[in-house]
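We'll start where the chains meet and then work through some of the parts.

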Amino acid sequence: MAETGELMMGTAERCHDPYLRCALYGAAQTALGVTGCCVLAHSPQGCYLLVNAAFGWQDADYTETQILSTKLCEDEIVHGGEELLARTILEAQELGVPILFVLSSCGPEIVGDDIVAVCEDIRSQVEFEIVPIECAGFRGDQNEGTDIALDAMLIKLVVQEREKVPGSVCLIAPHANGNPTWIGDLAWVKSVLSQMGVKVLATLTHNTTLNEFKNVASAEGCIVLSHDSGQKAADYLANQFEIEQICKDMPLPVGFTNTHRWLTELGKKFGAQDVAERIATEGEKMVVEQCRRKGLEQFFMHRAPAAIIADATVGVPLLHFITEDLEMVPRLLCLRSCLPGAKKMLERELKELNISPRVAYNVDVYKSKLSLSEVRPEVVFGSNIERHAVEELGIPFVFRLVNPISRFRSINREYFGYVGMLNIIECIHNDWLDRYRSKERRYKARW
Amino acid sequence: MDDESIAFKGTLQQLLEKVEKGEMIPKLQASHAPPCKFWTAFQVLNGIRHMAPVIHGPKGCTYSVANAYKMNSCEYRGVPMEPTSCTAQDEADVVYGGEGKLLEAVKEAEQRYHPELIVIFSCCCSGIIGDDVETIAQRAESEVDAKVLAIRSEGFGGDFRSGYEDAFRVIMELMEKPSEKMKKTINIIGARQGPTYTEWTQDLDEIERTVHAIGAKINGVLCGGCTLEQIRQARAAELNASWCYDWGQKLGDLMEERFGIPYARTGLPYGLKATEEWIMGVAIPLGLEEPARQMIQKETRELAKEIDTIRQFFDGKTALVEIAEFPGPIRALALARMAGEFGAHPVVVNIHPYTIKERMPSIKYLLQQGQNPEVILTKGLFSLGTFRSSWQTEVELETIAAQYDNAVYLGTPLRQPGVPQVNLTTMTGYPHFGYSGIKNIARLVQSSVENAGRSRSRLFRRVLYGGN
């Protein structure tokens, strides 16, 4: 069903209620994906809390990763904090880590602390590798921070001359994903590659060892696992090491069609079409059988006017799934970012699906709420924020798929692939049932 | 105990002196990083209903406080989630300045959210480049209907305490000269609630119950979910009383100095004596001494059984009160006092020098009141607030506890030193304050005795301290 479409710009960045944190956070997320590392925030103590939050996002084991801060105060802002940074790096020696990432925040960058020079000066005095990352919050949002950190890591840690390993890839930016347990998505991708006989030489980043960085240049291909960041790293690898980007311009594998296409593309690239076809056939069969056994609610999904408010990584691929497989009618799509590649991809998707929902890029919370109040969908795929935002709008269902979600997940659950479809359906069912729990009681129980 | 494991052993007074001389500074700059001034200023002002913040800074600072203080707490607090907006400062703003953008953002915030109050917060970026948030606030106020305040809250500009204090100072600008006093009415000050996950609502409920029970009224809890109107009327109250002495002290002093409103200086109402002091600190200035005494006698009489339970638990024991993680240093000192009141020898374990430094005025006040407990600071906690120290600190705490043949432990379930242990973090254990608190603490200590022989689970031990 085609509707009148309207491509809107996001909120002008004057009064902005953000969905995303800043570049420092994205850089910290990326750095903390390196096993056994220490992250030193050259920052006031408040930014340390930001790094602490990034720690959780990378699922880092607190017994294995260290985070420090120079806790800058007025003195260091007035007189400079380079000396304090140098001293803290030297003191970090006692932690016995293999690598230290030094991240600069807004304050020291504005006053001109040169963290690159400090790290170079001190490198010979310590036994660990040091990677400075200039990622002040004002440089952009967390997705841009991820790109900045990947850039610094690739330049500093990748060994330039390496022999290619046939049938190998590196995976980029798995953590730039709104799925709060995105580690499940990464695991699914690795499992699929393994079935196709493809070697993953490096994951940039999650549980990444220093050796993996050394191997990056040997990769034949790379796969960007995000539509929100990582493209710059892929471009760098292509230019520097002739590493081909695979599944480029293709929605990530959410839903039957996207997953099948994605697998087929990989299969073609690595000569494993039969494996790809087998995974798809078995996966589709499993989803269908499981839905027959456990139930798949159609009554509220069929032709339900829907909104997606999410990052591009989840939001763009989800469009195909809810339209084609769940028979909903997307009326609104609000994306938290706006990379040119993702935008083009979305435009192709809309054309292919023959739908014209209202689309907004780089949205903030206010813009999303305003759009919801104008479009008034029946269901919203979003986060805990939308759950609150719709309270006064009479929108009955919010399915919490993307961060932040006020539900604890002890198990990493993928949205990618076939089990991923069931995980999404499970979220939908649970939130749907919750909506039917009356907050009032007509009479009191007697037991 | 092995001196190798001890960073400090002495009295609170001696620790304070060392901190004042700058002798107790941990080597690595990692440990014990509380929020910065911006976070804590936001925490306070976020407790004003329908306040629209305009944070003059990048998105990271904004999302972080929104996430920490609104999204995760509004359901628990029963308050709606409201916007947290910012100017999303970028590189161009840093180079060219962002005052114009800020002014537009304030106007936009009014159009969008229709607030009664807009507060501009400066961050590191806007502070360093010299954007004049105060002047913009003045100018904006002439162009919008809302009241507009500004606070210089750049993260590097002070410790976390300074954020609270400056925020309380700023709200004084909203307080209007009253035409008449509100009789027998007080303000509860020093709160940072709203949707913020900081204070325990149950403790505040107990304070309110107590105040009403003696026949007094409360104008508002500043800034614990108060309205702008309650702040405006705050000068009409006869007295300020503190929800938490530490956080209320600055506002209490300032309002006394500037508006002549007396401030009831009392510690946290843990146990019988401190509760009585708190109540009489309110009752006497309001002329409600008699109903207060009657109330104290009645409530104390009704709690005879619980008081006996608590006394049996503490009498003749060494009470190790640990505050590394929870319940926080001022509460720990109040707990130590309560343990002493019921016959124990309190030892406060792991009150970090950083904490002493940031709470200096309150610590000094407590010392003046005669609270000077023994303090032990272990090297594990002192050196680095990480997993390693967590493991080290557990071992050190077990060693400390083993040195006494009669120790009991009050603190967090992150530790289990092998002696009767009171878990102060259970939800149903609240309130701790006042007479309802005594009832709960009696239940907690009873459980502690009944379960003293249980060992730490293998799961908890391995998750908390590592190993397989």
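Predicted model: local features only at pLDDT ≥ 70, side-chain atom pairs only at ≥ 80, totals over all residues.

**Where the chains meet**

Across the interface, 48 residues of chain A are in contact with 50 residues of chain B; contact here says that the C-beta atoms of two residues, placed from the backbone, lie within 7 Å. On the side of chain A that touches chain B, the elements giving two or more residues include helix 1 (23-31), helix 2 (45-57), strand 3 (66-69) and helix 16 (384-389) of chain A. Helices (H or I, at least four residues) and strands (E, at least two) are DSSP runs, numbered from the N terminus. Helix 2 of chain A supplies the largest share of that side, six residues. By residue type, the side of chain A that touches chain B splits into 25 nonpolar, 13 polar and 10 charged.

Residues are numbered from 1 along each chain as its sequence is written, and chains are lettered from A and ligands numbered from 1 in the order in which they are written.

How confident is the predictor? The complex gets an ipTM of 0.92 and a pTM of 0.93. pLDDT is the predictor's confidence in each residue, from 0 to 100. Chain A averages a pLDDT of 93, with 97% of the residues scoring at least 70. Over residues 1-11 of chain A, though, the pLDDT is below 50, and this stretch has 27 contacts in the model beyond near neighbours in sequence. Chain B averages a pLDDT of 90, and 94% of its residues score at least 70.

Now for chain A itself. An automatic or database domain assignment divides chain A into domain 1 (23-157), domain 2 (168-272) and domain 3 (276-435). The centres of domain 1 and domain 3 of chain A, taken over C-alpha atoms, are separated by 35 Å.

Look next for an open sheet of four strands in chain A, with the order 7-6-8-9 and parallel pairing. Two strands pair if DSSP finds at least two bridges between them. Strand 7 (199-204) and strand 9 (244-245) of chain A are the edge strands, each pairing on one side only. Strand 6 (residues 168-172) of chain A runs parallel to strand 8 (residues 221-224) of chain A, and four bridges join them. There A:Cys170 stands opposite A:Cys222 in strand 8 of chain A.

What about the inside? The largest nonpolar core has 294 residues, and A:Val39 and B:Ile120 have the most contacts inside it. Such a core is a set of buried Ala, Val, Leu, Ile, Met, Phe, Trp, Tyr and Cys residues joined through C-beta atoms within 7 Å; a residue is buried if 20 or more other C-beta atoms lie within 10 Å of its own. Leaving aside neighbours within four places in sequence, A:Val39 is in contact with residues including A:Ala28, A:Leu32, A:Ile67 and A:Phe101.

Over in chain B, B:Phe160 sits in helix 9 (residues 160-171) of chain B. B:Phe160 is buried because 22 other C-beta atoms lie within 10 Å.

Methods: Nonpolar A, V, L, I, M, F, W, Y, C, P; charged D, E, K, R; others polar. Buried ≥ 20, exposed ≤ 12 C-beta atoms within 10 Å, placed from the backbone.
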